[in-house]
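Please consult the sequence and the three-dimensional view shown here while reading.

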Amino acid sequence: MFDVIVVGGGPGGSVAAKKCAQGGLRTLLLERKKLPRDKVCSGMVMGPWANDIIQQEFGSIPLEILVDPYQLSGHMMHVPGTQSQRIMCKTPLAWRKDLDFWMIQMAQEDGVEIWEGAKVIGVNQKAGACTITMMQGKTPQELKSRFVIGADGGASVVRKSLFPLLKVQYSVPLRECYDGALDLEKDFFHWFFPKCRSRPRFGLNHKGDCFLIEGSGIKELRNEINQILVKYGFNTKSKAIWKDGCLIPRLHEALITGSFSPAKGNILLIGDAAGLLFPITFEGIGTALKSGILAADSVARSVKEGSEAAGIYLQELKSILQAIRSLHSWNKKLEQEATKGVAALSKALKAAYGETLKVANRG
Ligand SMILES: Cc1cc2nc3c(=O)[nH]c(=O)nc-3n(C[C@H](O)[C@H](O)[C@H](O)COP(=O)(O)OP(=O)(O)OC[C@H]3O[C@@H](n4cnc5c(N)ncnc54)[C@H](O)[C@@H]3O)c2cc1C
């Protein structure tokens, strides 16, 4: 019997588990993959939620965890027929494999028990006790705990167990990694909007000796990507050295209207499992960390006060939901501005992406 079982070893899971263990709770973290594991992500530690929480809970990110150019100067937006726009914003850059492994190791040092290769297949709760069914190798096991924190990412099994009737639509972002560099500033993340609309878009950034093309639109935009990037030295015949992809749940509307509340009883969802990525940029390291802290605090209060953790957590989560609501409203504005022409769109994109960083600032 554990006090808390955290499912998933991303940033949200690590910080939540670390805080629970620090609070004296017997905490187990289950991670489906062998560690260190990678995650489809640009690896930008964006905005103060991410940077401040990492600094406060884990300390300064060591240089060897970051990847060249180590710190981006900001973002650059490219809309055809307009001058490229810059948003200046210092942003540490890492491979998630390294960043997440660094964090999970620190959680372990603080007393979190970690089982890797442990895939959760179901969760339920009855009379104040949670039961987790998981597979380690070929052996199914049942584990009991008082609380469960579901930090198992976009395709969360904990969410599906808790809300079997919730209908979720997913985006499917892809990532392609190529050897070499393009003639684009390496210390900027480049966003391209080839159709002169806010979507579909694709992103490009450099990491070490390679560059990555990313986004949910890259299949649909293949011709445009080639036409645009050839100007920066891209060999359209070159093959990616590797490719991968993942699922992002589109839960903003459901979160905003309240038709989906990411907690029940003593089971709390955090980060991507709860659909808490920011609209517009779809950054989610900061919201995973922030919701992880809120979940750990809610568990601590629940132990002290004897009330269910969900009620406390959903109350605490309002600050994140407010930020999501205000950013979500930019989607309509961007569509409207696009109808006025490329200059209006470019200006609105800069404002919307800039606002994403400011919203996190206010948090
Ligand atoms: C293309 C792309 C680029 C992005 N770029 C950025 C960026 O630059 N900056 C940013 O802030 N955000 C970015 N994001 C979003 C960011 O990657 C996520 O929001 C963030 O990783 C969420 O963290 P998390 O802890 O909630 O979940 P995750 O990091 O997804 O971790 C979930 C963990 O749970 C494990 N797991 C899953 N199922 C199970 C199971 N059944 N049993 C046990 N373990 C399980 C997984 O293996 C994984 O380790 C990007 C996303 C994409 C798709």
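The sections below treat the ligand site, a further pocket and the pairing of strands.

## Basis of the model

The structure is a predicted model. Residue numbers run from 1 along the chain, in the order in which the sequence is written.

## The ligand and its shell

The ligand is surrounded by 37 residues, of which Glu31, Arg37, Met44, Arg96 and Asp272 are the closest. By class, this shell comprises 18 nonpolar, nine polar and 10 charged residues. Four elements each contribute at least two residues to the shell: helix H1 (11–22), strand S2 (27–31), strand S6 (118–126) and helix H7 (285–305). The largest share, three residues, is that of S6.

A polar backbone atom of Gly284 lies 2.9 Å from a nitrogen atom of the ligand. For Gly43, a polar backbone atom is 3.4 Å from an oxygen atom of the ligand. A backbone N or O atom of Pro11 is likewise found 3.4 Å from a ligand oxygen atom. On its own the ligand has 1000 Å² of accessible area, and the protein covers 94% of this.

## The second largest pocket

The second largest pocket has a volume of about 340 Å³. It is lined by 18 residues, and those closest to its centre are Arg199, Arg250, Phe282, His328 and Asn331. The lining divides into eight nonpolar, four polar and six charged residues.

Helix H6 (252–257) and helix H9 (318–338) each supply at least two residues of this lining. With five residues, H9 provides the largest share.

## Strand pairing around S8

Strand S8 (residues 139–150) pairs with strand S1 (residues 2–7) in the parallel sense, over five bridges. Within this pairing, Val7 has Gly150 of S8 as its bridge partner. S8 also pairs in the parallel sense with strand S17 (residues 267–269), here over three bridges. Ile149 stands opposite Leu268 of S17.

What is the sense of the pairing between S7 and S8? Strand S7 (residues 129–136) and S8 run antiparallel and are joined by seven bridges. Thr133 stands opposite Glu142 of S8. The hairpin formed by S7 and S8 has two residues between the strands, and Gly137 adopts a positive phi near 70° there.

Note on methods: Predicted model: local features only at pLDDT ≥ 70, side-chain atom pairs only at ≥ 80, totals over all residues. Heavy atoms only, no water. Near = heavy atom within 4 Å. Polar contact = N/O pair within 3.5 Å; in protein donor to acceptor, adjacent residues only side chain to side chain. Areas by Shrake-Rupley, 256 points an atom, 1.4 Å probe, with all protein chains shown as cover. Nonpolar A, V, L, I, M, F, W, Y, C, P; charged D, E, K, R; others polar. 1 Å grid on protein atoms, 1.4 Å probe; cavity = no way out; pocket = protein on both sides within 12 Å on 5 of 7 lines; lining within 4 Å. Points joined across faces, edges and corners; volume = space filled by probe spheres on them. Pairing = 2+ DSSP bridges.
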